[in-house]
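Trainee: Could you show me how to read the features of a model, one at a time?

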Amino acid sequence: MGEEGSLLIIVITLVFSFVIGITLNHFWPLFFNNYGTTLHVIPKGTFGWPLLGETLSFLKPHPSNSIGTFLQQHCSRYGKVFKSHLFFSPTVVSCDQDLNYFILQNEDKLFQCSYPKPIHGILGKVSLLVAVGDTHKRLRNVSLSLISTIKSKPEFINDVETLALQILQSWKDKHQVRYWEEARKFSFNVIVKQVLGLTPDNPQSALILQDFLAFMRGLISLPLYIPGTPYARAVQARSRISSTIKAIIEERRRKHVVDGDGKKNDFLEILLCVDTLSEEEKVSFVLDSLLGGYETTSLLMAMVVFFIGQSQTAFDRLKEEHDNIRSTKEKELLNWEDYQKMDFTQKVINEALRYGNVVKFVHRKALKDVKFKDYVIPAGWKVLPVFSAVHLDPSVHPNALHFNPWRWESDEQISKKLTPFGGGSRCCPGFELAKVEVAFFLHHLVQKYRWEVEEGEQPIAYPYVEFKNGLTIRLHKNST
């Protein structure tokens, strides 16, 4: 046999070994269904195809105010807790309120954040979103301290309202707008002002936005680092954003030392005084703040307008609340005390978060064998608590497929019933800032306009959520 024949045999052997290895790796966990005990078993389910498992079916797009065909079929067949093979790993999927709460409350004890590696490649290894253990605790403590300092400051509140008025002023001659785009413009203007002290007309703002859009597209793309692909562009965009942030940091320091400029009231100013973070962590922290303040906030704003536009009773009650607040003022801007009076507004935001599901699920893995009720979750398995399944569960929320802000008249067990921003030690630290921005924008929106949502508009989970047509709304100016 010649060299070519020998080489062919080697190649065939390697390919065969690879296929056998992938297949065994995929199905091997199925042989441990009883897991050494008759009292606890791995949840029922199926692993699907080798390597890919059921990932494509799990990620199939569907309206975000539904749980989708995959979860419907699997919950019906196997129950609210089932096993699958997702994201190249044996997985336990939880659509159960109690198990979800248990997972979130046992972060770094029984479970740990475990996002797919390509996400790390874009966000960076010290991102608050993917960091674990002591690194995450340190970053989170800084974040909570910073946000508690900023959120009720007049400077932040005034900036939010001023930027909201600027957006609404730009609509004065328009009869319809693509609202999600307007919400993104507003939320970006707010976050770059609060984090970096940049105004919308600053050239650096436009530069950051351009790179940030490429960064966002890469987060939801196929993770192939090939020049020209969205993923590769996202990694490159993150590098450019990081360089821009570093330059802003250095310029800020230089002005303090050389020019003796006064300090600004933004995140960056406070961050520069923090000694517990490295330079890399500070840059990553700023990027995380931009990401959370831009995408999540704008999507929440879109959800609220989408659902309110289809509920006249909710709109009327919302307008009444904001008319009452405005009647106590003349032309002065809103303040923290006004925000605390927006009780029904908070109910509307909670209901939009429940029904719209900004975040469908999060990634966790079991650090050890975990026993819960009749189940055991093996160490090393991925665990996906699905928030949307609990939010849309009629046994938890009566008439779950109906938008009803009044359901939040009672705050009983709200931390278990509503987990739009996660929970436990990884609950999104910036959620209160997002709610302030939405509430202040709504204050002026409902007083100036009524609106109708264009037919066919729908929030779609990919699992990231977007409005395919940009959430086009027809505007009608209020007569009073």
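Mentor: We will go through a helix, a strand and an annotated position in turn. This is a predicted model, in which local features need pLDDT of at least 70, side-chain atom pairs count only at pLDDT 80 or more, and totals for chains, interfaces and linings use all residues. Residues are numbered from 1 along each chain as its sequence is written, and side-chain values use heavy atoms, with hydrogens and water left out.

Trainee: Is helix α15 buried or exposed?

Mentor: Helices (H or I, at least four residues) and strands (E, at least two) are DSSP runs, numbered from the N terminus. Buried means under 20% relative accessible area, exposed over 50%, and partly exposed in between, with a 1.4 Å probe and protein chains only. In α15, 13 of the 14 residues are buried, so the helix is largely enclosed by the rest of the structure. After α15 comes N357, with a positive phi near 60°.

Trainee: Which strands pair with β9?

Mentor: Two strands pair if DSSP finds at least two bridges between them. Strand β3 (residues 89–94) runs parallel to β9 and is joined to it by 4 bridges, with V92 having V383 as its bridge partner. Strand β6 (residues 364–366) pairs with β9 in the antiparallel sense over 2 bridges, and there K365 has K382 as its partner.

Trainee: Where does UniProt place the feature "binding site"?

Mentor: UniProt positions are in the numbering used here, feature names are shortened, and annotations may be inferred rather than shown by experiment. The unreviewed UniProt entry places this feature at C428, which is found in the loop between α17 (414–417) and α18 (431–448).
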